[in-house]
Amino acid sequence: MSTEVYDAIIVGAGFAGIYQLYALRQQNLSVLLLDSAPDVGGTWYWNRYPGASSDVHSFTYRYSWDKELLQTYPWKNWYLSQPEVQAYLGHVVDRHDLRKHIRFNTYFTGAEFDEETNTWKVRIQGAQDEPLTTRFLLTALGPLSNKNYPDIKNFDSFQGEVYHTGAWPDTYDFRNKRVGIVGNGSTGSQLLVALAKESKHVTSFQRNAQWNVPNGNRPVTEEERTEVNANYDRIWDDVRNSSVAFGITEGTTPTFSVDDDERRRRFQEAWDKGNGFRFMFGVFSDTTTDRKANDAACAFIKSKIEETVKDPDTIRKLIPTEPYARRPICNNGYYETFNRDNVSLVSLKETPFTELTPKGAKTSDGVEHELDVLIFATGFDAITGSYRNVDIRGRNSRTLREHWAERPSSYLGFSVSSFPNLFLLSGPHHPFTNAPPQIEAQVEFISDLIRDFGIGFGGTVEATGEAEKDFTDLSNSIVEGSIFHEAKGWVFGENVEGKKHTTLFWFAGLKKYREYLKDVRENRYKGYTIT
Ligand code: NA7
């Protein structure tokens, strides 16, 4: 019997883990939260690269449950920078006296369900003694935590500095250095804009071009803040009853129900206001469902690239060949940055890497790009990848990896059959939306379930295989035939070499997801076996 026994162990001190800790402490459960980092933040702790910022408006990129904090916590701009998000999470933890329940610098390596005692035995790296024991295990590992690196010949031969944006160093100095950035997603594009201003030279190594929209960041005026504060209840109500949960008005007009001039006027208005999710979901109702409508959005952005960028060859490389159907990117000044003398663009589609060398990176045209620093902004092995380096075993010692060998599956985006009393926050098929509101929906459901069936109960709560299969099938069918399927990228696991194209998210929106959860809750947690 291990010496440390808890009602619940949570892994991960990001948005999900912190709220889950708060919610279970409200029930007076004994809870321990583990995190490998030295401080809170989760994703927002590790991704501290220059320019790192949320691309969700500040007023909805936060918790809705602390109403006093909503009114009082300051934010300067329409988007939060990484230090601001981390400071906010730290403030929440201190304000609710949660830090004493968190063990930092503690790497969770795995857990096994003990069928005799109906408890989880949790292992942490370096611990020689008995594992920790808990009745409930809640993993909030983050959907984007397992770093993805390209497989380039002679990878280790480069003699300069090498970084991944997802494990950013405490100190760095790129002044007078030639920097290469591999990847041009949300991260790579933010980093490029920031480093172009402080490095000697920056080369963007781009595999696929992506559609990029400005974010329209600017200071929040006092009047705007007063208005948000006065309307917060309605704002959260709208968020919960929307699809993407961004606090933007979602489009209801089909693209071709208006004439060409009006269409362009509406695209321009959204472009000027900024925000990728507004551009994708807030202008017209059918941008992600109708191919021609999608083409119209692409044509508008293409015209902006052509207007902004001076060099014709760079324009050609920057125009994507895919529809506008990845997780949208928004970033001020991205296209303008390519007009700087100290920025160049290499298309890896045209000239892929052949190898790294001591001095830099060679491409298939024989050019050796000499570099002092090489940064991988190459993203993450999303959702299931977060579980690749941990060994979680349910009934009969079967691992999660084995369970997901055919396809990633879950009931409700957090439960898995044969893994009793385990909740995978933001697991496979969680909603593809602004993160904090979907996290709140999950945490609130799970906490209710634990309260209703957990305390003083000592048994198990476990999704049935049938419920898991039905939910996973439903999740897959929702996105069937949609344009999302045509785009490559982490949302369908296509960014990682060897990973199958697979549905990892619930695409029916937050409103429908919350309705689904409500129905399950009101029907005595149907789909669960409670023993
Ligand atoms: P993303 O969006 O997955 O972007 C990764 C980038 O790295 C993207 O441009 C990829 O090109 C590129 N990449 C990935 N693997 C390779 C290889 N092998 N060779 C060359 N280039 C590669 O990650 P981010 O960190 O930018 O953003 C993740 C999320 O974090 C974001 O959506 C927000 O939600 C926050 P590709 O397009 O696959 O050709």
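Which residues have the most contacts inside the largest nonpolar core? They are Leu-138, Phe-279 and Tyr-528, in a core of 130 residues. A nonpolar core is here a set of buried Ala, Val, Leu, Ile, Met, Phe, Trp, Tyr and Cys residues joined through side-chain atoms within 4.5 Å. Buried means under 20% relative accessible area, exposed over 50%, and partly exposed in between (1.4 Å probe, protein chains only). The core lies between domain 1 (4–146 + 381–530) and domain 2 (182–219 + 240–376), because both give residues to it. Apart from this core lies another, of 23 residues, including Ile-9, Leu-34, Trp-120 and Leu-422.

The model is predicted: local features need pLDDT of at least 70, side-chain atom pairs count only at pLDDT 80 or more, and totals for chains, interfaces and linings use all residues. Side-chain values use heavy atoms, without hydrogens and water, and residues are numbered from 1 along each chain as its sequence is written.

Helix 14 (residues 435–453) and helix 16 (residues 509–522) pack at an angle of about 5°, with axes 11 Å apart. Helix 14 is therefore roughly parallel to helix 16 (angles under 35 degrees).

Gln-210 is found in the loop between strand 9 (201–206) and strand 10 (212–213). Gln-210 is buried, with a relative accessible area of 15%. Its contacts include Asn-184, Pro-320, Arg-326 and Tyr-335, with residues up to four places away in sequence not counted.

Conventions
Domain bounds come from an automatic or database domain assignment. Axes are lines fitted to C-alpha atoms, for helices over the stretch in contact, and angles run from 0 to 180 degrees between N-to-C directions. Helices (H or I, at least four residues) and strands (E, at least two) are DSSP runs, numbered from the N terminus. Angles under 35 degrees count as roughly parallel, over 145 as roughly antiparallel, 65 to 115 as roughly perpendicular and the rest as oblique. Contact means heavy atoms within 4.5 Å.
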